[in-house]
Amino acid sequence: MSQAIESTLHESRLFNPPAGFSDAIGGAYVGSLDEYRALHERSINDPESFWGEIAGELHWFRSWDRVLEWDCPDARWFVNGKTNLCYNCVDRQVDEGHGDEVAIIWEGEPMPGGKPEVRRLTYRDLQRETSKLANALKSLGIEKGDVVTIYMGMVPELAIAVLACARIGAPHSVIFGGFSAQAIADRVDDARSKVILTCDGSWRRGKIVPLKDNVDEACAKTSHVENVIVLRRCGNDVQWNDDRDHWWRDLTLAAPDECPCAPLDSEDMAFLLYTSGSTGKPKGIMHSTGGYMVYTYLTSRYVFNLRPGTGQVYWCTADVGWITGHSYIIYGVLPNRVPTLMYEGAPNFPAEDRFWDIVERHKVTQFYTAPTAIRAFMKWGDEHPKSHDLSSLKVLGTVGEPINPEAWMWYHRTIGAEKCPIVDTWWQTETGGQMITPLPGATPTVPGSCTLPFFGIDAAVVNEQGEEQPHNSGGLLVIRKPWPSMLRGIYGDRARFIDTYWSRVEGMYLAGDSARRDDRGYFWIMGRIDDVINVSGHRLGTMEVESALVAHDAVVEAAVVGMPHEIKGEGIAAFCTLGPGYEASDELKDALCAHVTTEIGAIARPDVIRFANALPKTRSGKIMRRLLKSIASGEENTTQDTTTLEDFTVLAKLREEKEG
Ligand code: WT7
């Protein structure tokens, strides 16, 4: 059992919603655990009436005939209903008289010594800009159903791009700006996407990330791309292909500023988002329109207690390139009519107090970040948050990986001044929205536990037969009933969809995590059950990294495992055997790290590389990953000098003898 689990097993500190929280937030939507339990029970027993009521709070061009049709694993929510995500995020606010209210607050990366660059976009601005861009896309022949690839930095135009696609029913596929040209090409190929929206570059710690160059390189690797739309952000030099490239400004200036929102079927695909699995190839997770809209709207509202018109400012620090950014920067927040803050750059540039400076200046009320960031803040020192007025904060959130109790307590005390409930939200790219989470005014919290399922979510810990496990024993985390924002499939790969999520435990969605419930019934996430590692809250398949390594001439065989990492949660350890003529050296390590960065992106860069004359294998030829994991975490040390070739086969033999 890992140390993290060992320590959380004994965690018993309980924190009730702080006194006065409800008043401070303008009234908690759900004010007590009893209220939560009653509503949860109703949502599980009668999902159709529960979700029908919520959906009715949003705009539909045509109402649904039935709330749910379920033929496991295929769900249809709000059957035959017609709606539009962009309409509900933007146009509805304008129609209801709120066009001049701020929808998006944007903080650019400050130039050293310069003033922070802030832009505020109203719902009316978004209506005009999404209409113009939607018309520009149409002028390039993009129609409903065409996948639009978006590879941009964190600029307001990224939100505009996503919403413009929603306006016309062209599903977007957003690729995080840290991914490589190869990763773009793979995703473009898989989705057969004809158009890419990008920027000349993006700012990160005062340096320019050359996004357009990466797109050019990707286009050379795929034949699908017909048009590239380029936003000027950094002013860096770019190569230009007259037949393919268009400046964003030219296209949108020429485009009319009216474009009606297309009435889309509730089940029309809203977007694709690629995520790592246990095989080499990332999978395109498909999300629907109506169900995704309703679920992200309600979770945003209840989990952060969003109250329009009360001066709240909501900030989620994720990148729009991840599901967190899709659901909890854009789609779930805008329909709730609370300004959503977007920032460009990094938490520690120009200084390590950047976040707290932003919180103070914008009087942020709800703040949502990842445990890896919290651990980095702890390390950078309390003086940074302490030098700012953080008293505007009301709710703190965390997502992406288990939060260790020490980090939770620091967040609670140093950022929340012990008066802000912490919502530790467990969910996944596939689930579309938050699944297991406290409600800030209702759920007593325990550091390290994501507590209880959201409304409509029938989460359980089961064994392989689907039988619920007794409290305090571990098992597989499953969801036993359909929920509105569940994935509708893996793009172009039905077999993988069934195989990954629906075949191991019959009739239940397999999340891929192991978990346990404590005496209170609270959920504790224990870790992945597949070959997926979680690096700084980002999911990576070990096989993806292995494929990148063996693509290098020097490497014959590679095995990649996760290892404990102080800041990232999990780091990447790679064990490689070398081909003839290659010698273990620090230079080769650097070259391999650089190689993985070009193949996938900097997030996949190994933290440790060790060279072996052979990888330890069982008699049947399987790589002994558990042994490599314990070597990587320092439990079984071989030599101190890891630049030489090591012999792990000896350890493997010893272990096989020991374990029989
Ligand atoms: C995996 C999903 C959902 C947005 C970010 C990650 C882990 C996520 C928590 C949490 C413990 C968590 C799980 C999950 N995870 N949130 N609050 N506590 N673990 O999305 O890349 O799809 O990864 O992240 O292992 O399966 P993702």
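Where is the place of Pro350? Pro350 sits in the loop between strand E17 (340-343) and helix H13 (354-362); helices (H or I, at least four residues) and strands (E, at least two) are DSSP runs, numbered from the N terminus. The peptide bond that leads from Phe349 into Pro350 is cis, and its omega is near 5°.

The model is a predicted one, in which local features need pLDDT of at least 70 and side-chain atom pairs count only at pLDDT 80 or more, while totals for chains, interfaces and linings use all residues. Residues are numbered from 1 along each chain as its sequence is written, and side-chain values use heavy atoms, with hydrogens and water left out.

A cis peptide bond also joins Cys72 and Pro73, with omega about 5°. Here the proline belongs to the loop between strand E1 (66-71) and strand E2 (74-79).

Another backbone feature is found at Arg192, a residue other than glycine whose phi is positive, near 45°. Arg192 is placed in the loop between H8 and strand E8 (195-199).

Helix H8 (residues 181-191) also packs against helix H9 (residues 211-221). Two packed helices are described by the angle between their axes and the distance between the axes. For H8 and H9 the angle is about 50° and the axes are 8 Å apart; the axes are lines fitted to C-alpha atoms over the stretch in contact, and angles run from 0 to 180 degrees between N-to-C directions. The two helices are therefore oblique to each other, since angles under 35 degrees count as roughly parallel, over 145 as roughly antiparallel, 65 to 115 as roughly perpendicular and the rest as oblique. The crossing of H8 past H9 is right-handed (the near helix is turned clockwise from the far one by less than a right angle).

The ligand has 18 residues around it, and Asp424, Thr429, Asp513, Arg528 and Arg539 come nearest (a residue is near if one of its heavy atoms lies within 4 Å). Helix H12 (323-331), strand E20 (422-425) and strand E25 (523-528) each give this shell at least two residues. By class the shell holds six nonpolar, seven polar and five charged residues (Ala, Val, Leu, Ile, Met, Phe, Trp, Tyr, Cys and Pro are nonpolar, Asp, Glu, Lys and Arg charged, and the others, Gly among them, polar).

An N or O atom in the side chain of Asp424 is 2.8 Å from a nitrogen atom of the ligand. A polar backbone atom of Glu401 lies 3.4 Å from a ligand nitrogen. The protein buries 95% of the 560 Å² that the ligand exposes when taken alone (accessible areas by the Shrake-Rupley method with a 1.4 Å probe).

How values were computed:
Polar contact = N/O pair within 3.5 Å; in protein donor to acceptor, adjacent residues only side chain to side chain.
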